[in-house]
Amino acid sequence: MDVTEGRMDVTEGRYEDIHARLKTYEGLTAVGGVGKDLVNEPMIRHWCEAMGDTNPAYAGADAVAPATMLQPWTMGGLSGHGGRSEAYVEMLGLLDAAGYTSVVATDCEQEYLRPLRPGDRITFDSVIESVSERKTTKLGTGYFVTTRTDVRAGGEPAGTHRFRILKYVPAGRRRRDGAAGRAATAARQAVAEAGEALAPSWEVSTPTGEALTPTREAVAPTGEALTPARDASVSTGEATTASRPKRPRPVVNRDNAGFWEGVSRHQLLIQRCEKCETLRFPWLPGCNSCGCLEWDTVEATGEGTVYSYVVMHHPPFPAFDPPYAVGLVELVEGVRMISNVVGVPHDRVRIGMPVRLEFERVDEELELPVFRAVEGSGG
């Protein structure tokens with residue numbers, strides 16, 4: 001993420017005052033408690049299966065948990081911990097009130113002090129370690145907030161987890177304080193939702209020709225309903241397409257360049273270890289099973305099923321049109337990969353749905369592998 005120092009803008013008001021108040025929260029407790037479960041073999045097994053990690057150290061009588069599982073033992077799950085401190089809630093409320101209402105996780109750092117073993121009771125304490133000065137990033141202007149969680153197993157230090165978020169105002173949106181800012185934000189949101197109908201990839205009907213469902217009814221900023229026919233004509237207009245932002249570029253490096261070369265030839269290539277012949281995806285420098293660094297590739301047939309999926313609604317990003325489905329697809333070769341599921345409305349994607357690989361050109365420079373629902377499988 002490109003970051004430059006934030007500058008004082010007198011038209012935006014109370015930057016210095018807000019920053020001084022934010023700094024007073026440093027060192028205060030954010031959350032703390034006891035892990036909801038002892039370190040246990042079933043959770044270790046599920047983690048390893050999801051990650052494709054077959055290291056024998058994580059199974060058997062002397063099993064340990066993968067070091068990178070340090071955080072999951074402290075998480076509250078869907079029901080949450082309910083233990084956020086007043087200080088942490090106040091700090092986030094201060095940022096929200098000042099207009100920094102968007103949030104994105106930026107990075108984490110972990111330090112491991114001893115292995116976690118089945119039966120360990122996990123306790124932890126999190127503090128607000130630091131709040132940065134105001135920064136300007138490509139996403140927008142805001143403050144980086146870092147929390148540090150000290151994890152203990154059976155009362156002994158086991159590791160440290162630092163987690164950093166950015167609370168920000170999206171780029172291009174002017175921050176406003178108080179009721180006027182909230183009113184302006186609400187107005188912009190209403191216009192943005194109405195403007196979704198003008199997005200180039202807006203779907204005006206299902207693959208079976210059904211009309212738009214009520215939840216996707218399109219309304220112009222003037223309040224006039226957009227008919228599917230009008231929506232379709234607007235979405236294909238040259239002016240709209242020309243102004244559409246480009247999708248982010250994939251990060252290509254020496255470890256995955258071969259994969260993207262395959263995509264350019266409309267091939268989905270899977271790495272295969274030359275020693276034990278284990279297939280692996282995503283691409284890695286070495287084999288998780290035996291450690292061998294030598295490998296070749298096999299071409300996937302492109303057939304698979306939806307192993308799991310999420311539907312993206314928020315936050316909206318330029319060049320994307322929520323809601324859309326992102327699937328974890330299990331290929332017939334046995335590996336899994338993440339990509340968009342297309343060909344059916346987002347609310348008809350199902351676990352177990354058969355899909356087939358195709359390559360979608362998203363702009364003149366970029367083509368990506370996606371998975372289209374097999375005809376007749378969405379319902």
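The legends below describe close-up views of one predicted model.

Residues are numbered from 1 along each chain as its sequence is written, and side-chain values use heavy atoms, with hydrogens and water left out. Because the model is predicted, local features need pLDDT of at least 70 and side-chain atom pairs count only at pLDDT 80 or more, while totals for chains, interfaces and linings use all residues.

**View 1. Tyr-100 and Tyr-143 form an edge-to-face aromatic pair.** The structure holds six aromatic pairs. Rings of Phe, Tyr and Trp (its six-membered ring) pair if their centres lie within 6.5 Å; planes under 30 degrees apart count as stacked, over 60 as edge-to-face and the rest as tilted. The centres of Tyr-100 and Tyr-143 are 5.2 Å apart, with 80° between the planes. Tyr-100 lies in the loop between α3 (86–97) and β3 (102–112), and Tyr-143 in strand β6 (residues 140–153), so the pair ties together parts that are 43 residues apart in sequence. Helices (H or I, at least four residues) and strands (E, at least two) are DSSP runs, numbered from the N terminus. Tyr-100 is buried, with a relative accessible area of 1%, and Tyr-143 is buried at 0%. Buried means under 20% relative accessible area, exposed over 50%, and partly exposed in between (1.4 Å probe, protein chains only).

**View 2. Phe-259, Trp-260, Phe-281, Trp-283 and Trp-295 form one aromatic cluster.** Pro-282 lies in the loop between β9 (279–280) and β10 (295–299). Glu-277 is in the loop between β8 (269–273) and β9. Phi of Glu-277 is near 65°, a positive value in a residue other than glycine. Glu-277 is exposed, with a relative accessible area of 57%. Most residues other than glycine have a negative phi, and most peptide bonds are trans.

**View 3. The largest cavity is lined by residues including Phe-320 and Tyr-324.** A search of the whole structure finds one cavity of 30 Å³ or more, and about 30 Å³ of space lies in the largest cavity. On a 1 Å grid over the protein atoms alone, a cavity is a set of points where a 1.4 Å probe fits but cannot get out; lining residues have an atom within 4 Å of a point. Grid points are joined across faces, edges and corners, and a volume is the space filled by probe spheres set on the points. The lining consists of Met-312, His-313, His-314, Pro-315, Pro-316, Phe-317, Phe-320, Pro-322 and Tyr-324. By class, the lining has seven nonpolar, two polar and no charged residues. Ala, Val, Leu, Ile, Met, Phe, Trp, Tyr, Cys and Pro count as nonpolar, Asp, Glu, Lys and Arg as charged, and the others, Gly among them, as polar.

**View 4. A cis peptide bond joins Pro-322 and Pro-323.** Omega of this bond is about 0°, and Pro-323 lies in the loop between β11 and β12 (324–331). Ala-319 is also placed in the loop between β11 and β12. Phi of Ala-319 is near 80°, a positive value in a residue other than glycine, and Ala-319 counts as buried at 9% relative accessibility. Phe-320 is partly exposed, with a relative accessible area of 23%.

**View 5. Arg-336 lies over the face of Tyr-307.** The distance from the ring centre is 3.6 Å. A charge sits over a ring if NZ of Lys or CZ of Arg is within 6 Å of the ring centre and within 35 degrees of the ring normal.

**View 6. Arg-356 and Glu-303 meet in a salt bridge.** The N to O distance is 3.1 Å. The pair links distant parts of the chain, with Arg-356 in strand β14 (residues 354–361) and Glu-303 in strand β11 (residues 303–312), 53 residues apart. Arg-356 is partly exposed at 42% relative accessible area, and Glu-303 is partly exposed at 30%. A salt bridge is a side-chain nitrogen of Lys or Arg within 4 Å of a carboxyl oxygen of Asp or Glu. A search of the whole structure finds 20 salt bridges.

**View 7. Asp-120 and Arg-114 meet in a salt bridge.** The N to O distance is 3.3 Å, and Asp-120 counts as buried at 14% relative accessibility.

Terms used:
On a 1 Å grid over the protein atoms alone, a cavity is a set of points where a 1.4 Å probe fits but cannot get out, and a pocket is an open set with protein on both sides within 12 Å along at least five of seven lines; lining residues have an atom within 4 Å of a point.
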